[in-house]
Structure formats: structure tokens, C-alpha cells
Amino acid sequence: MALEVKDVMGRVAIAVLEDASFSEIIGAMRRFAVGAVTVIDAERRPVGVVSEDDLLLKESDPVGHSVSMFESHRRHEEHHKAAGVTAAQLMTSPAITVTPDTPLREAARLMRDRRVKQLPVIDPVSGRIAGTLHQRDVLRVFTRPAADLLADIQARIPDLAAYAIEIDQGVVTIRGRCRRRSQAIALERTIRGIEGVVDVVSRLDHEEEDLLVVPPLL
């Protein structure tokens, strides 16, 4: 069964209110040893995120810096943040969120694509923050014991005894012979879809080539 965010998420909602001060934000980051905090409204709904990068703008872009009308929108936003003193003024908005039922692989892709190390987890009904998913929680899945991975593979492939399986640091090597090439591809795809599998090395042979594409007649 595919893992979901709720299987690994932290149950502590690391967040500050919109009117939290600069020092309160830093205090929350230090207390929880994180590089970002979620900003929530009075109803505990995420409205943005303040990261260490946002706070560092105070140092790299001091107040009083002249603003040019030819500056990009992004640069203009950086100047605005540098002048901010509350979470609402410093945050990046909107907040990128997931729910407890979000597939873990989807959350991992979201982190990678948006270049963030944590995501607020919200209740799908109320929209209120329910926890935090950290990058380390996701990465922990890829250090699963080989025995656990093998058990999941056996659950997905009933006739696994017909093949030889080796697992080394999350890399699964499968050897054997299939009747059709499409079966070999399906086996590899099934194993690759299991949480914790880093890569699949296929050493499968096949008797029949059933994926040949016949070129159109000219």
C-alpha cells in the first residue's frame, strides 16, 4: 500500500500568527530547529511561510535602499520584505500545503519542484494546520530495511519466487525470465513504485517481443 503524508508527518504544527514579530519568528525557528515556519491566520489556516532566506533579506537588503521603477517584480518584493517587521510582511504567500491523505511521493515531488524543505499539513475539511511534513521525514522512507522492502515487493508480486531479488541500500536487482517483454517492464514498474525503493536494476530476459512498433507504410 502506498504511503501517505499521515504515515510520516510530524504532529506538531510549527507556525506563528500573522502579527508575530521578527524576534518571535527567529525564536520559533530555534525552538524547533527548523529553517522555516508557517504563518497562520486567526482560524489557524496557513496563509504563507517565512523562511531563513526571507529573514536574511534584512541583512542583505537594508532599509533605505533606493528602489528603481525598472526593477523586476521579484526584486520589488524583496525590498518590501526587507522593510517588513511582522510575519505577514515577511512571508512568501500563498502557503504550499498538503493534506494527511496526500501520497508521500506526490509530497516529495512538490518539495523538489518548489525547492522547500517542509510543508504545512492541513485538515482537508477545515483548512486548519494539523502538522508539518519535513524533508527528513520523507527521506527516512528511503532508508527502510531491506526486509521491509522485500515484504512489500512480495505483496505486490504474487509469483516472486520465480525471480531472484537482491536489495542493497534501496536498490533492487531482479533476475529471471519472463514470457513476454511487457511482463518484464510491468515487474520493474511495480517494484519502482514501492516507497523506499531508490532504483531498480532489471536483469530480466524474455521469450517473446510483444512491444515492437510496426512502421507505417509509405
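Modeller: Ground rule to start with: two strands pair if DSSP finds at least two bridges between them. Strands (E, at least two residues) and helices (H or I, at least four) are DSSP runs, numbered from the N terminus. This is a predicted model, where local features need pLDDT of at least 70 and side-chain atom pairs count only at pLDDT 80 or more, while totals for chains, interfaces and linings use all residues. Residues are numbered from 1 along each chain as its sequence is written, and side-chain values use heavy atoms, with hydrogens and water left out.

Biologist: Okay, what makes E2 and E3 a pair?

Modeller: They share 5 bridges, in the antiparallel sense. The rule asks for at least two, so E2 and E3 pair. One of the bridges joins valine 37 to valine 50 in E3.

Biologist: And what makes E1 and E3 edge strands?

Modeller: The open sheet has 3 strands in the order E1-E2-E3, with mixed pairing. Strand E1 (15-17) and E3 each pair on one side only. From one strand to the next, the twist averages 35 degrees, taken between axes that are lines fitted to C-alpha atoms (for helices over the stretch in contact), with angles from 0 to 180 degrees between N-to-C directions.

Biologist: Why is arginine 44 called partly exposed, while arginine 115 is called exposed?

Modeller: Buried means under 20% relative accessible area, exposed over 50%, and partly exposed in between (1.4 Å probe, protein chains only). Arginine 44 is at 40%, so it counts as partly exposed. Arginine 115 has 79%, so it is exposed. Arginine 115 also has a positive phi, about 55 degrees, and lies in the loop between H5 and strand E4 (118-122).

Biologist: Where is there a cis peptide bond?

Modeller: Between serine 93 and proline 94, where omega is about 0 degrees. Proline 94 is in the loop between helix H4 (87-90) and H5.

Biologist: How do you know which side of H1 is buried?

Modeller: In helix H1 (residues 22-32), the buried residues are Ile25, Ala28 and Met29. Looking down the axis, they fall within an arc of 100 degrees, so they line one face; the arc is that of the directions from the helix axis to the C-beta atoms. Exposed Ser23, Arg30 and Arg31 are on the face turned away.

Biologist: What makes up the lining of the second largest pocket?

Modeller: There are 14 lining residues, with Arg105, Ala108, Arg109, Val138 and Phe142 nearest the centre. A pocket, on a 1 Å grid over the protein atoms alone, is an open set of points where a 1.4 Å probe fits, with protein on both sides within 12 Å along at least five of seven lines; lining residues have an atom within 4 Å of a point. H5 gives the largest share of the lining, 6 residues.
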